[in-house]
Amino acid sequence: MNVARLTLIAITMLATGCAASKAQRRADRAVEDYFIGNYAAAREQLRPLAQKANEDFVLNNVRLGSAALAEYDLDEAEDAFLRAYEVINSVGVNDGGRSLGAVLVDEKVKIWKGEPFERAMVNFYLGLIYYMREDYGNARAAFENALFKLRDYKDPKSKSSDYSEQESNFVAALVMLGKSWQKLGRDDLARATFDQIKQRRSELGPLADYERNATSNLLVVIDFGYGPHKVTDFDGSIVGFAPRPSEAGTVPGPRVTIDGREIDTSAFARAPFDLLAMAQDRRWQSIDTIRATKSAIGSGLLVGGAATGLYGADHGHDEAVYVGLGMMAAGLLLKGTSQADVRQWEMLPRTTFILPVRVEPGTHDLCVDFPNAPGLKQTWRNIVVPPTGEATYYLRMQRWANNVNEWPPPALVDAQK
Amino acid sequence: MTDDMAAKIIADPEVGAVLSRGPMRVVVQPVENRMTAEVLPRGPAEAFTARVRTLLAKHAPDRFVWVMNRDAYYRLRGRELEGVELGPAPEAVNPEYALTATFSSLTDEDPKRRSAYYLCVYELTDLAHRNILWTGSYEVKKLAVKGFLD
């Protein structure tokens with residue numbers, strides 16, 4: 001059954017090579033459009049891809065979600081992230097021929113569900129969308145889901161099942177979870193969540209300040225920089241993620257001005273997380289699953305083949321010698337072949353700043369820039385800050401995007417009609 | 001679940017006593033999500049209570065006046081959901097009762113399996129006196145075994 005399905009998948013892959021590359025080119029164009037800030041074009045390219053139930057379904061939906069969120073089309077962003085969320089949280093989507101095909105033929109056969117840090121970001125953005133809509137029950141649920149358990153390996157060199165599980169240290173989700181509990185009137189849980197942040201990351205104390213969050217009427221959420229990408233070696237197998245934080249430099253702090261006047265955000269200048277660093281942390285990786293499996297099967301075939309061959313040689317059984325040699329060849333082939341899966345969510349930021357501030361209620365011009373990253377500046381004119389409650393604004397910092405915007409954005413106006 | 005719930009509300013003696021005095025004016029609230037780490041999207045949550053209201057309207061016509069939560073009413077009207085009667089606009093009727101639903105869950109997860117126990121509690125509340133006129137609950141358990149690449 002599995003062999004038949006594997007064969008079918010392999011034949012299908014060969015037969016549909018052109019179609020797949022066309023879809024891939026379309027996705028690549030969408031990613032390029034996103035990077036130059038042409039979110040409308042990116043969404044146009046991604047919409048049909050995000051409907052196709054194939055191995056890139058989750059990936060294309062999270063890409064679409066990123067582009068839609070940057071344009072404040074919260075309905076489309078929610079739908080896209082929800083589709084991804086459903087598959088990510090499902091079990092058994094890679095059962096049967098897909099698992100075998102991923103190990104033996106090409107890792108891209110498996111349905112992409114992302115690395116743990118990518119999955120956490122799907123939940124984070126979903127939570128952010130609900131938070132922006134003041135749907136705090138669902139925001140709370142999504143942020144909780146971003147804090148799933150991670151495998152903490154006791155032996156850093158071990159890739160075996162010698163690990164324990166621990167709660168993730170994804171502080172951005174913890175901050176937003178604490179804020180959601182506040183909005184839901186669960187002060188006890190809000191305080192407990194903020195205390196957890198202070199214990200784990202004392203330098204982020206101001207961000208986890210209960211009173212500051214309770215009185216904030218303007219929440220500015222800023223995506224800065226770009227996340228890690230997978231790198232391969234000469235034979236196409238993945239060797240890890242790049243760049244390392246030290247190669248990319250330190251994350252600069254944002255400067256926020258309201259109506260031309262700078263507001264003090266020095267307390268929030270530290271990045272709550274760094275995806276470049278998280279990607280280097282084995283707890284946030286799952287890329288070695290298939291590599292380890294392939295390596296184990298390959299090693300087994302090599303050892304088994306050698307033993308069979310030696311037995312055949314000792315006892316004068318030519319057939320056993322040939323079988324042993326065949327097994328060893330298969331083992332070497334398995335260890336050395338099959339293409340690594342380098343698919344990734346390219347739109348991810350390096351970090352997300354969360355700035356809860358209190359400003360005079362009314363209409364304002366909001367401007368965010370990074371003094372240590374020249375040319376990176378975004379302005380939103382006529383944002384609305386309420387006297388009670390909290391208005392949330394999401395900014396994706398990109399150098400080549402249209403960085404002077406009028407509030408409300410067209411997508412939000414259309415949604416309110 | 002919704003069919004069972006609609007039948008039980010109509011059969012409840014306390015609800016019957018109120019209905020004997022005339023139609024009940026009930027506002028339908030969106031489902032409240034208290035599930036652990038599980039999102040309950042707005043559309044399904046609203047459609048779920050809307051279906052209960054539609055079933056009751058079918059089983060007991062003229063005995064309930066349903067008033068939908070204002071936001072939900074206009075969103076559902078925008079979506080024009082099939083098979084869901086929206087009833088009067090929220091501005092037109094002053095409700096006396098509220099139908100609320102709360103979904104909770106207990107989840108246990110380890111590297112091999114995930115089990116979730118869901119509890120759905122419904123309440124029909126007298127808004128003037130804050131009395132719970134009727135309450136019903138439903139339980140569902142789900143078990144999922146993880147595969148190789150999960």
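Predicted model: local features only at pLDDT ≥ 70, side-chain atom pairs only at ≥ 80, totals over all residues.
## Confidence first

For chain B, the mean pLDDT is 79, and 77% of the residues reach 70 or more.

Within chain B, the confidence is lowest in helix α4(B), residues 70–79, where the mean is 61. The highest value in that chain belongs to β2(B), at 91.

## Chain A at a glance

Chain A has 417 residues, and buried ones make up 51% of them. Its secondary structure comes to 16 helices and twelve strands.

Take the contacts in chain A between residues at least 6 apart in sequence: 71% of them join residues at least 24 apart.

## A helix with nothing left outside

Now for helix α8(A), residues 136–146. Eleven of its eleven residues are buried, so the helix is largely enclosed by the rest of the structure. The cut-off behind that call is under 20% relative accessible area. The buried set includes charged residues such as R140(A) and E144(A), along with Y136(A), F143(A) and several alanines, among them A139(A), A141(A) and A142(A).

What does the covering? From chain A, the cover includes α5 (74–88), α7 (116–132) and α9 (171–183).

## How α8(A) meets α9(A)

One of those covering elements, α9(A), packs against α8(A) at an angle of about 155°, with the axes 9 Å apart. Angles over 145 degrees count as roughly antiparallel, and the two helices are therefore roughly antiparallel to each other. The crossing is left-handed.

On the α8(A) side, the contact is made by Y136(A), A139(A), R140(A), F143(A), E144(A) and A146(A). Facing them from α9(A) are A173(A), M176(A), L177(A), S180(A), W181(A) and K183(A). Sorted by class, that gives eight nonpolar, one polar and three charged residues.

Most residues other than glycine have a negative phi, and most peptide bonds are trans. Here are some exceptions in this model.

Start with two cis peptide bonds in chain A. One joins A242(A) and P243(A), with omega at about -5°; P243(A) sits in the loop between β5 (238–242) and α12 (245–248). The other joins W407(A) and P408(A), with omega at about 0°. P408(A) lies in the loop between β12 (404–406) and α16 (410–416) of chain A.

Then there are two non-glycine residues with positive phi. E134(A) has phi near 65° and belongs to the loop between α7 and α8 of chain A, the latter being the enclosed helix described above. E134(A) itself counts as partly exposed, because its relative accessibility is 49%. In chain B, D62(B) has phi near 70° and is placed in the loop between α3 (42–59) and β3 (64–68). With a relative accessibility of 71%, D62(B) counts as exposed.

Technical notes:
Residues numbered from 1 in each chain as written. Chains lettered and ligands numbered in written order. Heavy atoms only, no water. Buried < 20%, exposed > 50% of the residue type's maximum accessible area, 1.4 Å probe, protein only. Helix = DSSP H or I, 4+ residues; strand = E, 2+ residues; numbered from the N terminus. Contact = heavy atoms within 4.5 Å. Axes fitted to C-alpha atoms, helices over the stretch in contact; angles between N-to-C directions. Parallel < 35°, antiparallel > 145°, perpendicular 65-115°, else oblique. Left-handed = near helix turned anticlockwise from the far one by under 90°. pLDDT = per-residue confidence, 0-100.
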